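This briefing looks at one protein model, moving from its overall build to the spaces left between its atoms. Please keep the sequence and the 3D view at hand while reading.

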Amino acid sequence: MIAGNLEYVMGSLPHLSFKDTDEERSRVVSIFQKYAGPSETGKGIIAILDGEAGKFLSSGSHRIFQQINLATIHSETFQKSKNSVLAIFSTYVFALKKGVQQLRIARKNGADPSITKKLPLSLVPGTPLEEEIQLLKLQWDQLEELSMGHYTDFAALCIYKLKLLLLLRWWSFDEKQGYANFLNSTKKTEDGR
């Protein structure tokens, strides 16, 4: 188990890099599994992180920490957070989602590529998977920028969790399953719709 204060917790966590290799996955997962005690066997990495961090956070901070997830980080609750790192990142992700929306509309309407390059968000055209990885990298880079000056405080812990969530999302991608899902969602039904 992780023991000590928040500084020790931050120093004990595995270093995260924006990589998708078997070695990187194995290293991060194995370190978290070493911290998990027998009662935590089978828990996910995020549950282990939430539990360990909770030992060193106030109940209010722990509640906020547990609420951090990629599906809702752009919500108004986080945008108005007293934690400036969460507020800035939340606002960034909200703007990123709006940029993706504008880009998709422009592409759907057959806009000239020179016009799409002038949009607030310009992705290198590629497969949906390649573009999703680009979006993850943009978020990672924003977190890197926000991490300056935050090494062992609550903001650093929040940044760490967000980076870990980004990696876990990336690592969960299955190209074959994604393609099968794409085919299923785009095939016509029997009535032609």
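How many helices and how many strands make up the secondary structure of the protein? In this predicted model, the count comes to 10 helices and 0 strands, and reading along the sequence accordingly gives the pattern α-α-α-α-α-α-α-α-α-α.

**The protein as a whole**

- The protein has 193 residues, and 37% of these count as buried.

**Helix α9**

- The helix α9 covers residues 154-172, and it is mostly covered, since 16 of its 19 residues are buried.

**The largest pocket**

- A probe the size of a water molecule, rolled over the atoms, shows where empty space is left.
- The largest pocket holds about 870 Å³ of space, and it is lined by 31 residues, of which R104, P128, L129, E132 and R169 are the closest to its centre.
- Four helices, namely α6 (84-108), α8 (128-146), α9 (154-172) and α10 (175-186), each contribute at least two residues to the lining of the largest pocket.
- Which helix supplies the largest share of the lining of the largest pocket? That helix is α8, from which 8 of the lining residues come.
- Sorted by class, the lining of the largest pocket consists of 16 nonpolar, 9 charged and 6 polar residues.

**The second largest pocket**

- The second largest pocket contains about 290 Å³ of space, and among its 14 lining residues the closest to the centre are M10, S147, A156, Y160 and K163.
- Here α9 gives the most to the lining, with 4 residues, and α9 also supplies at least two residues to the lining of the largest pocket.
- By class, the lining of the second largest pocket is made up of 9 nonpolar, 3 polar and 2 charged residues.

Note on methods. Residues are numbered from 1 along each chain as its sequence is written. This is a predicted model: local features need pLDDT of at least 70, side-chain atom pairs count only at pLDDT 80 or more; totals for chains, interfaces and linings use all residues. Side-chain values use heavy atoms; hydrogens and water are left out. On a 1 Å grid over the protein atoms alone, a cavity is a set of points where a 1.4 Å probe fits but cannot get out, and a pocket is an open set with protein on both sides within 12 Å along at least five of seven lines; lining residues have an atom within 4 Å of a point. Grid points are joined across faces, edges and corners, and a volume is the space filled by probe spheres set on the points. Ala, Val, Leu, Ile, Met, Phe, Trp, Tyr, Cys and Pro count as nonpolar, Asp, Glu, Lys and Arg as charged, and the others, Gly among them, as polar. Buried means under 20% relative accessible area, exposed over 50%, partly exposed in between (1.4 Å probe, protein chains only).
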